[in-house]
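Hi,

Here is the structure I promised to pass on.

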Amino acid sequence: MGLINTITEWNTARQEKYHSKMKEKGLCPQCKGRGFHAYAGHEYAFYSSTLNCPGCEGSGTYADWNNLQ
Ligand SMILES: [Zn+2]
């Protein structure tokens with residue numbers, strides 16, 4: 001169990017680092033500021049409004065992402 005805890009802690013630290021980096025840039029951590037989620041190999045997905053980022057509702061800003069948490 002020690003190993004699992006270590007991995008979990010490492011992941012948490014990594015996520016926190018990522019979040020503070022995104023906060024600095026003012027970008028939504030979920031979509032990296034793009035406002036939508038794109039999947040490799042599905043280019044048509046770019047034109048679908050259903051893929052708007054649920055974290056920031058498509059704005060791509062950290063402020064909106066933070067407000068919606
Ligand atoms: Zn987003």
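What share of the contacts in the protein with a separation of 6 or more comes from residues 24 or more positions apart? The figure is 46%, where two residues are in contact if their C-beta atoms, placed from the backbone, lie within 7 Å.

Before the rest, two notes on the numbers. This is a predicted model, so local features need pLDDT of at least 70 and side-chain atom pairs count only at pLDDT 80 or more, while totals for chains, interfaces and linings use all residues. Residues are numbered from 1 along each chain as its sequence is written.

Now the overall layout. The protein has 2 helices and 0 strands; both are DSSP runs, with helices being H or I of at least four residues and strands E of at least two, numbered from the N terminus. Of its 69 residues, 14% count as buried. For burial, a residue is buried if 20 or more other C-beta atoms lie within 10 Å of its own, exposed if 12 or fewer, and partly exposed in between, again with C-beta atoms placed from the backbone.

Helix H1 covers residues 2-25, which is 24 residues. From first C-alpha to last it reaches 35 Å, close to the 34 Å expected at 1.5 Å a residue (the expected span is 1.5 Å times one less than the number of residues). The number of buried residues in H1 is 0, so the helix lies largely in the open. Just after H1 comes Gly26, with a positive phi of about 75°.

So where is the core? The largest nonpolar core has 7 residues: Leu27, Cys28, Cys31, Cys53, Cys56, Tyr62 and Trp65. By nonpolar core I mean a set of buried Ala, Val, Leu, Ile, Met, Phe, Trp, Tyr and Cys residues joined through C-beta atoms within 7 Å. In soluble globular proteins, nonpolar side chains tend to be buried together.

Leaving out neighbours within four places in sequence, Cys31 is in contact with Phe36, His37, Cys53, Gly55, Cys56 and Gly60. Tyr62 is 31 residues away from Cys31 in sequence, and their C-alphas are 10.0 Å apart.

Then there is Asp64, in helix H2 (residues 62-67). Asp64 is partly exposed, because it has 16 C-beta neighbours inside 10 Å. Beyond four places in sequence, Asp64 touches Cys28, Cys56, Glu57 and Ser59. Asp64 and Gly26 are 38 residues apart in sequence but 9.6 Å apart C-alpha to C-alpha.

Last, some backbone angles to check. Most residues other than glycine have a negative phi, and most peptide bonds are trans. Lys32, not a glycine, has a positive phi of about 60°, and Glu57 has a positive phi near 55°. Lys32 is in the loop between H1 and H2, and Glu57 is found in that loop too. Lys32 is partly exposed, with 14 other C-beta atoms within 10 Å, and Glu57 counts as partly exposed with 15.

Cheers
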